[in-house]
Amino acid sequence: MQQIFINNSQIDENTISVEGDDAKHLIKACRIKPGEKVRVSTSSEENYICEVSEIVDNKLYLSILENVNTTELPCNIKLFQALPKGDRMETIIEKCTELGVSEIVPVEMKYCVVKLDDKKKIKRTGRYRSIANSAAKQSKRSVIPTVSNVMSFAEAIEYAKGSDIIIVPYENKNGMEATTDALNKLNDNHTISIFIGPEGGFDSGEIEALEKLDNSEIISLGKRILRTDTAAITTVAMVMLEVERAGH
């Protein structure tokens with residue numbers, strides 16, 4: 001079953017009209033036919049199972065069959081990800097969208113290999129948002145996660161201060177006890193921020209700034225050194241499992 005996201009203005013009583021890129025994709029690429037079902041999530045976070053009732057030129061008309069439950073986590077997870085090299089950011093966005101993050105914030109840190117000018121930041125952000133959109137559809141999310149503009153480390157720290165808890169995996173933190181303690185503190189209504197360092201690791205000053213925050217938890221991901229993309233996916237997966245468990 002295909003998934004699309006719509007604005008509430010597209011709903012007229014029991015009928016939803018779909019045009020533009022979503023309609024073209026469903027008609028041309030998916031070859032959808034009348035009678036087939038589509039999952040629809042709205043801008044007001046309502047979720048429906050719909051049936052294709054009519055296809056007129058490049059426009060679809062869907063009939064609402066039933067309301068369905070949200071697929072979102074019972075908390076907000078914000079991933080503050082240091083800009084990695086190559087296409088690793090795309091992998092991080094795709095996989096962490098599947099795992100349920102609500103926001104992804106690309107962050108410039110001291111040891112980031114990648115340095116972007118303003119033009120490249122805008123271009124990359126557009127690409128990142130497109131990947132989040134596709135991953136949200138594939139994983140049947142009820143909301144497309146926000147991909148923020150690239151922030152400096154100082155801006156990211158300031159933005160994360162309002163979170164209930166900030167989790168920071170750090171390779172120089174020994175032992176898993178801190179990780180267990182941090183996960184046990186999570187509640188299903190928390191706003192949880194996760195800071196992931198770059199290939200070169202956090203600068204000592206960056207870690208000191210994070211440690212000074214009252215709501216930060218510096219944790220370990222084990223004895224092995226993980227790549228930045230592996231660390232992001234691992235940490236988000238641990239948090240996702242814990243809040244899903246706590247929510248039930």
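**Entry 1: strand E11 and its partners**

I looked up Ile167 and found that its bridge partner in E13 is Glu217. The model I am reading is predicted. Strand E13 covers residues 216-219, and I see E11 pairing with it in the parallel sense over four bridges. I then turned to strand E12, residues 191-196. E11 pairs with E12 in the parallel sense too, over three bridges. Here I noted Ile165 standing opposite Ile192 in E12.

**Entry 2: cover on E11**

Is E11 mostly covered or mostly open? I checked residues 165-169 and found the strand mostly covered, with five of its five residues buried. Next I asked which residues lie on each side of E11. Ile165, Ile167 and Pro169 are on one side. Ile166 and Val168 are on the other. I find both faces covered.

**Entry 3: the six-stranded sheet**

I moved on to an open sheet of six strands. I read its order as E1-E4-E5-E6-E3-E2, with mixed pairing. Which strands are at the edges? I found strand E1 (2-6) and strand E2 (11-12), each pairing on one side only. I followed E1 to strand E4, residues 37-42. The two run parallel, and five bridges join them.

Notes
Residues numbered from 1 in each chain as written. Predicted model: local features only at pLDDT ≥ 70, side-chain atom pairs only at ≥ 80, totals over all residues. Heavy atoms only, no water. Pairing = 2+ DSSP bridges. Buried < 20%, exposed > 50% of the residue type's maximum accessible area, 1.4 Å probe, protein only.
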